[in-house]
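Subject: Structure for you to look at

Hello,

Here is the structure I promised to pass on. Please open it alongside this note.

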Amino acid sequence: MASLLLKNGRVVTADSDSVCNVLIEGETIVALGRNLAADGAEVIDCTGKIIVPGGIDPHVHLDMPFMGTFSSDTHETGTRAALHGGTTTVIDFVLQKQGHSLREALTEWQGRATGTAVGDYGFHMAVTDFNPSTKEEIQDMVAEGITSFKTFMAYKGALMIDDAQMVGLMQEVRKHGALVTAHATNGDMIDTLIAQHRAQGQLTPLYHYLSQPEVTEAEASGRFADIANYTGVNSYIVHLTCEGALNQVRRATERNQRVFVETCIQYLVLDASLYEDEANGAKYVMSPPLREKKDQATLWAGINQGLVQVVGTDHCPFMLAQKLMGKDDFSKIPNGHPAIEHRMELLFSEGVSKGRISLQKFVEVTSTNAAKIFGMFPRKGTISIGADADLVVFDPAKTHTISAATHHMNVDYSAYEGWELTGKIDTVLLRGQVAVDAGETKVPKGYGQFIKRGKTAF
Ligand code: URP
Ligand code: ZN
Ligand code: ZN
């Protein structure tokens, strides 16, 4: 079996930080230490470099039918781009079609991902129609290793479920020890505000933002937490963006409830002033929208307070031509933005290099916590004997500039064009294979494996 030695790197996990060597045999880490005998092993010199666990992005939408089109990254291009950015595992969303079964949706998504993904991947199941037959399928999904069930409290008529369905789903998911996640915004209120703006001819991207004020997210986050508390299910709010919503989670902790929280990189580093640029605002149309500077401050603090456990991306890219579907009406702009490739480097540069978060917190929120919450720990999300050798070798001092001209995502713009970052990924290993080195992909289409997940262990 081929062995590989990463030598003299600063090896950082969520709970350790030391300069040592990492020995890999096949797909697995077999030893960690200062004086490892590794005769015959291929050596990668990591002196001066930081080694962290391969990133886990638990919120991506690859090749997803949405708002009359498909997100532009496939499982191949999206997971390849993820690898270039140090993310070795993603969790993608399977969407049940209303009136159809969960199994049909799973089969469709397996058809797209199997044999094409370059990086490892799991699936969440989005339940958009909870009824007696869907209820029967929950246990089958858990047996397939799909242990998280996504709900949308918005996008009425396409993805949204009502509170009655939410209660039923949570009760059933709880029976199987799994997790319910939510896009927690008040869909009815948002639809009303959208209709009001359209009726008044207010059609620019700014009105996307004004149709989803903070209260729409705070209200739904509180409601989701309340129903989860009543049913006793494990709960997780995806892409939380603002102070009002985080305060609802804080309130839940006061009754000793635990609600896991994910924010996404864009909400930490971009803000709503971008919607004032009418020509470019569509690039930033996503739901929930970008927020205010005070919300960014809340989210950074929330990470350090342990209230926000995960930083994902909600990667849902659309080409500029797709964004133009809404050039005369913001409500027709496909929602989403590209970030799968830059999550880790952006968070390192804006977070660690600028002193907002520690290196260990960086590891927690980019991999370890997601691995624990989504049932992949300790196989993924850490650097320990027996774990998958998913590793990122980071040069903390190297600077570089983001550009659509050089990124690997299948999308013709970057939301971070021209951003100069400190800290660059040199080498990425996925299950013991060098997957990316010096900007080149080293593993083929189909190398990515489906990761069958277990229960939350956090
Ligand atoms: O704008 C977004 N977030 N697009 C993807 C779908 C979702 O709501 O997560
Ligand atoms: Zn969402
Ligand atoms: Zn999403």
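Below is what came out of it, from the whole chain down to one helix.

First, the ground rules. This is a predicted model: local features need pLDDT of at least 70, side-chain atom pairs count only at pLDDT 80 or more, and totals for chains, interfaces and linings use all residues. Residues are numbered from 1 along each chain as its sequence is written, chains are lettered from A and ligands numbered from 1 in the order in which they are written, and side-chain values use heavy atoms, without hydrogens and water.

**The chain**

The chain holds 13 helices and 19 strands. Both are DSSP runs, numbered from the N terminus: helices are H or I with at least four residues, strands are E with at least two. The radius of gyration is 21 Å, close to the 23 Å that the globule rule gives for 458 residues, so the chain is as compact as a globular protein of that length. (That radius is taken over C-alpha atoms; the rule is 2.2 Å times the number of residues to the power 0.38.) The C-alpha atoms fill a box of roughly 70 × 50 × 45 Å along the principal axes. Of the 458 residues, 62% count as buried, meaning under 20% relative accessible area with a 1.4 Å probe, protein chains only.

**The sheet**

Eight strands form an open sheet, with parallel pairing. The order is S6-S9-S10-S11-S12-S13-S14-S15. Two strands pair if DSSP finds at least two bridges between them. S6 (55–60) and S15 (310–312) are the edge strands, each pairing on one side only. Neighbouring strands are turned by 30 degrees against each other on average, direction ignored. Axes are lines fitted to C-alpha atoms, for helices over the stretch in contact; angles run from 0 to 180 degrees between N-to-C directions.

Strands S10 (120–126) and S11 (148–152) run parallel and are joined by 2 bridges. Ala-126 stands opposite Lys-150 in S11.

Helix H4 (163–175) packs on the sheet, touching S11 and S12 (179–183). Contact means heavy atoms within 4.5 Å. The direction of H4 makes about 150 degrees with that of S12. Helix H7 (214–231) also packs there, touching S11, S12, S13 (234–237) and S14 (259–264). Its direction makes about 170 degrees with that of S13.

**Helix H10**

Which residues of H10 are buried? They are Asp-295, Gln-296, Thr-298, Leu-299, Trp-300, Gly-302 and Ile-303. Gly-306 follows H10, with a positive phi near 80 degrees.

Best wishes

Terms used. Buried < 20%, exposed > 50% of the residue type's maximum accessible area, 1.4 Å probe, protein only.
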